[in-house]
Amino acid sequence: MLSRIADSLFWLARYMERAEDTARILDVNYHMLLEQSQQTYRLRWEPLVIMAGEEKRFRETYEEANAETVFEFLAFRQDNPNSIVQCIAKARENARTIRDRISREMWEDINGLYFMLNRFNPEEEIAAGPHRFCDAIKFGSHRFHGVTDATLPHDEGWQFLRVGWSLERAEMTARLVDVQYQNLLDTTSMANVADNHQWMAVLKSVGAYEAYHRQHHSPIEPERVAEMLILHPQHPRSIRFSATEVQGGLRAISGTGSGSYATEAERMTGKLLEGLRYDRIDEIFKRGLHSYLHELLRMFRLIGTDIERKYFYYGAVA
Amino acid sequence: MASVPSEALSPLLFDGYDPGNFYDEMFSRRGYPRAHYQKIFQKLAAVAPPHFEERRHLADLSFLLQGITFTVYSDGRGTERLFPFDLIPRILPNSEWRRIERGLSQRVIALNLFLQDIYGPQRILHDREIPRSLIYSCRHFHREMIGVDVPHGIYTHICGIDLIRDSKTGEFLILEDNVRTPSGISYVLENRIVMTRTFPDAFQAYEVLPINHYPAELSRILRSLSPRGTTDAQTVLLTPGIYNSAYFEHSFLAQQMGVELVEGRDLVVDGCIVYMKTIRGLKRVDVIYRRVDDEFLDPLAFREDSMLGVPGLMGAYRAGNVALANAVGNGVADDKAVYAYVPKFIKYYLGEDPILKSVDTHLCSQPEDLSYVLDHLPELVVKAVGESGGYGMLIGPASDRATIETFRERIKADPRNYIAQPVIGLSRVPSYDPATQRMGARHVDLRPYCLYDGEKVTIVPGGLTRVALKPGSLVVNSSQGGGSKDTWVLRGEN
């Protein structure tokens, strides 16, 4: 497989996932806000911008982080490279360069999503609130996964897609827990009820709210939520689950068996997964959640870089 | 078969249809369809306009969903547009097609011999059959190609030769030889698929020769060029990328042939060998079907600002380590001044008379021609010799005085760069006009695709019929309101 094609598949999956994750966070946050007082207003929207890693750009454009500005910034701004419309446009562009290598159904689906998105009027959507728009993105992404799964041979190309969306998802969840947790540490004393809602929002944004209640039958405790999002072996959006997927994809590409590694990316994924398998949440908190998550994010970045170096880099003659 | 006057049937779609003063391919005169159009005429006559409109909508939808579009860059963003498809087929009886086929084969072989000669011994220059200065002043004549031993001596693997039918005599004439990187074959293949879905009953009435062997035949020829033998030949299609207007065709052909679609940045040359960069390292490439123009192929040999090419590609090509289709330097045969000499080439290289005539051409580089052209500008079509796709053109009768004067100055300043031809009316075929929901007579041309393997020329029956959908327009280019039709070559005469 051409390096460029593997590269495009990887980024197609990442951008699609990034769009979905952003939509999920926006939507849930908005609905939590509807139930909240004005006091904690500011705190609720700012973390989203921080999560997206676009604080500086945001401040250059807006004075205040509120429902409208954050929604516009994260969903529609063309000058925000990680806005939803930008992510979908880039996903489609990647798909277009490899349309002879993906299934016709995949291409038609992504193409359709792109055209549908262009039909949304940002002003109308901002006035109406993010639900309709975010739902469309979420289901667009789900359809993409479904169509891909059902129509593309599960060969090495499919594995690059899998690694792409899993790595993106792992990073997003890590950032979500980190930002929300820090935010809550700053405010626990002043708004106890609010945190509970905030954590409910976090759970809902990753679709884990019901699963949490099935497992715990108790009020929402921040530590349990963090445990679920970081360490849960089966929840499809937990960091551990996503990292396991990354490992599965990387091994399928290189043909390595378990207990061994062929690339630096595989070595780091294996090492990181050891921790996620055997760490307990109380140990993580004792060491400090923030530094734990930061270490994970650092490793994810290194894994991404190594995948690029190993499989996509075509600047020099090997 | 006797002709039936259309009035007798009162066909709604053809109400008021006027073949006019041009050669109409369906009607010999008003109300009298030619024998080979008889059956389709009767079928269409039975379709009520709303039903026809419905089928047309289905056909359009099918093109849109598959993303069969071309890109227009007028709004700065690049908009994808449908290439309009007209549902009325253009039909050629077998005998007429056989003559076209013989004429095109003859022409392709002669053009190939000319290119072999001009980049080899240059016998034709020594024999003074064509002025040396004319060849050496061609923009697309590449000295770099002199003495290069191209695989099997083939230059013109794929040609898309444009034909027009003289509106007075009905005779097919050669208009242009596109021997560089002609495009459009994907529309031919897709038009047929959509047509069989939309009007399956029309196909049952006729025996239409199939065309879907094109990708397999092209793939066979490409593989046969491999310098390392054909069994493991690694063939790729080199595209300028998604921003190219023909990108759909590139990905379509790559997929149909099962070859890798590559961009310049996917390839690298090391030690005069071309490789592609894969996730398992470098993999050798043997044959490149390139859809990138000569000037952009290799920044070391041609334009150094090209981002589309592969540095060192020409070195590998000259060393015989990679085959390119088409060969580099073919543009010299596409030069519109050289075009005037092709009948001579056929005589010179093959000792035959041309089967298909060319359009009379005045070379402004010759003083007596030049003064004639300058005196008759309002009646002539003037073309810049190195251009294609309808650019750099003056259609005298359709132009105002100011435009004509601008061209006069340009011609005087650089006579070698211009040729002039009489206006040829172009034949017409009934085409559906959505505005009136009736048939209107529209001008057409024909581009058959010729594949040459060094021994024989294979032409898929028919080719791309382009149609100027604007009433009265003679411009068939897609960027200017042109569309296309399915072209049927019959197994028999009707």
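This is a predicted model: local features need pLDDT of at least 70, side-chain atom pairs count only at pLDDT 80 or more; totals for chains, interfaces and linings use all residues.
**View 1. Two loop residues of chain B with a positive phi.** Here's some background for this one: most residues other than glycine have a negative phi. Gln122(B) isn't a glycine, yet its phi is positive, near 60 degrees. You'll find Gln122(B) in the loop that runs between α4 and α5 (123-126) of chain B. Gln122(B) has 13 other C-beta atoms within 10 Å, so it is partly exposed. Now jump to Leu426(B), where phi is near 65 degrees, again a positive value in a residue other than glycine. Leu426(B) belongs to the loop of chain B between β20 (418-422) and β21 (428-433). How many other C-beta atoms lie within 10 Å of Leu426(B)? There are 22, so Leu426(B) is buried.

**View 2. A cis peptide bond in chain B.** Most peptide bonds are trans. The bond to look at here runs from Ala325(B) to Asn326(B), and it is cis, with omega near -10 degrees. Asn326(B) sits in a loop of chain B, with β15 (323-325) on one side and α13 (331-334) on the other.

**View 3. Helices α4 and α15 of chain B, crossing.** Two packed helices are described by the angle between their axes and the distance between the axes. For α4 (residues 94-118) and α15 (residues 342-350) of chain B, the axes cross at roughly 80 degrees and come within 9 Å. That angle is why α4(B) and α15(B) are called roughly perpendicular to each other. From α4(B), the residues in the contact are Gln106(B), Arg107(B), Ile109(B), Ala110(B), Leu111(B), Leu113(B) and Phe114(B). They meet Val342(B), Phe345(B), Ile346(B), Tyr349(B) and Leu350(B) of α15(B). Sorted by class, this contact has 10 nonpolar residues, plus 1 polar and 1 charged.

**View 4. Helices α9 and α10 of chain B, another crossing.** Here the axis of α9 (residues 214-224) of chain B comes within 9 Å of the axis of α10(B), and the two cross at roughly 80 degrees. So α9(B) is roughly perpendicular to α10(B). Which residues of α9(B) make the contact? They are Pro215(B), Leu218(B) and Ser219(B), facing Leu253(B), Gln256(B) and Met257(B) of α10(B). By class, that gives 4 nonpolar and 2 polar residues, with no charged ones.

**View 5. Where chain B touches chain A.** The contact between the chains draws 20 residues from chain B and 16 residues from chain A. On the chain B side, the elements that give two or more residues are α10 (247-257), β10 (260-262), β11 (267-270), β12 (273-278) and β13 (281-284). What classes of residue does this side of chain B have? It has 9 nonpolar, 5 polar and 6 charged residues.

**View 6. Helices α14 and α16 of chain A, side by side.** Chain A has 16 helices and 0 strands, and this view picks out a pair of helices. Helix α14 (residues 264-278) of chain A packs against helix α16 (residues 289-312) of chain A at an angle of about 160 degrees, with 8 Å between the axes. So α14(A) and α16(A) are roughly antiparallel to each other, and their crossing is left-handed. Glu264(A), Ala265(A), Met268(A), Thr269(A) and Leu272(A) make up the α14(A) side of the contact. The α16(A) side has Leu296(A), Met299(A), Leu302(A), Ile303(A), Asp306(A), Ile307(A) and Lys310(A). Together, the residues of this contact divide into 8 nonpolar, 1 polar and 3 charged.

View 7. The C-alpha atoms of chain A fill a box of roughly 60 × 50 × 35 Å along the principal axes. The radius of gyration of chain A is 20 Å, which agrees with the value near 20 Å for a compact globule of 318 residues. Buried residues make up 47% of those 318 residues. Among contacts in chain A with a separation of 6 or more, 70% come from residues 24 or more positions apart.

Conventions: Residues are numbered from 1 along each chain as its sequence is written. Chains are lettered from A and ligands numbered from 1 in the order in which they are written. Helices (H or I, at least four residues) and strands (E, at least two) are DSSP runs, numbered from the N terminus. The radius of gyration is taken over C-alpha atoms; the globule rule is 2.2 Å times the number of residues to the power 0.38. A residue is buried if 20 or more other C-beta atoms lie within 10 Å of its own, exposed if 12 or fewer, and partly exposed in between; C-beta atoms are placed from the backbone. Two residues are in contact if their C-beta atoms, placed from the backbone, lie within 7 Å. Axes are lines fitted to C-alpha atoms, for helices over the stretch in contact, and angles run from 0 to 180 degrees between N-to-C directions. Angles under 35 degrees count as roughly parallel, over 145 as roughly antiparallel, 65 to 115 as roughly perpendicular and the rest as oblique. A crossing is left-handed if the near helix is turned anticlockwise from the far one by less than a right angle, and right-handed if clockwise. Ala, Val, Leu, Ile, Met, Phe, Trp, Tyr, Cys and Pro count as nonpolar, Asp, Glu, Lys and Arg as charged, and the others, Gly among them, as polar.
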